[in-house]
Amino acid sequence: MIFFRIGANAILILLTESSFESGPEGIMGKRTIDLAERFKALNNEMIAFVENCSDENWRKVCPGEQWPVGVVARHVAASHFGALGLVKMIVAGEKLPDLSGAAIDQMNVKHADKHRNCTRDEVLKTLRENGGSGVDYVAGLGDADLDRIGHVAAAGGDLTVEQIFENIILRSAGEHLAHTKAATGA
């Protein structure tokens, strides 16, 4: 038996060796555990960065995004961690919205404009809520759920739930975090 600690409430989950094999939906597997751990680590790293960001650094512009550091952090908390909504739709067997890359870019610009004066407290609250619920949600998935497929128009085709986590939530959000650190010298 293995005890695994995960989730916003630090719930201990008892797993047997057979739990790590791909199997029926709802049984956490190795891939699910890995994604949940990585998601939690990214969220914790973003929270620590925001907590320690000075007022001066909060307003510095990230060269890649051309947005202030605070706006980039909020973008990750709201948009990237909000991509969990796509995952939930795929797992539920629902059709994803047909959004193009240009439409997403336009939504991102509107988001940046609307939240250009966001506060650290606001961003921390969003990171804690969306990150915590995201970790809890992925921890409740089975490996079979990670293989479910949805059509993501902006990506030009079909993606699995695991690919959405890997590419949108982890990789892209991680790149944004790296940009905020580069802009502030952290």
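Ala, Val, Leu, Ile, Met, Phe, Trp, Tyr, Cys and Pro count as nonpolar, Asp, Glu, Lys and Arg as charged, and the others, Gly among them, as polar. The model is predicted: local features need pLDDT of at least 70, side-chain atom pairs count only at pLDDT 80 or more, and totals for chains, interfaces and linings use all residues. Residues are numbered from 1 along each chain as its sequence is written, and side-chain values use heavy atoms, with hydrogens and water left out.

View 1. A pocket is an open set of points on a 1 Å grid over the protein atoms alone, where a 1.4 Å probe fits, with protein on both sides within 12 Å along at least five of seven lines. Lining residues have an atom within 4 Å of a point. Of the 31 lining residues, Ser-79, Ile-104, Met-107, Asn-108 and Ile-168 are the closest to the centre. The lining divides into 16 nonpolar, 12 polar and three charged residues. α3 (69-80), α5 (101-114), β5 (149-152) and α8 each supply at least two. α5 gives the most, with seven. Helices (H or I, at least four residues) and strands (E, at least two) are DSSP runs, numbered from the N terminus.

**View 2. Helix α4 against helix α8.** The axes of α4 (residues 84-91) and α8 (residues 161-184) come within 10 Å and cross at roughly 175°. Axes are lines fitted to C-alpha atoms over the stretch in contact, and angles run from 0 to 180 degrees between N-to-C directions. α4 is therefore roughly antiparallel to α8 (angles over 145 degrees). Leu-84, Val-87, Ile-90 and Val-91 of α4 meet Val-161, Ile-164, Phe-165 and Ile-169 of α8 (contact: heavy atoms within 4.5 Å). These residues are eight nonpolar, no polar and no charged.

View 3. Asp-34 and Arg-38 pair through their side chains (3.1 Å, N to O). Both lie in α1 (residues 30-51), four residues apart, about one turn of the helix. A salt bridge is a side-chain nitrogen of Lys or Arg within 4 Å of a carboxyl oxygen of Asp or Glu.

Note on methods: Angles under 35 degrees count as roughly parallel, over 145 as roughly antiparallel, 65 to 115 as roughly perpendicular and the rest as oblique.
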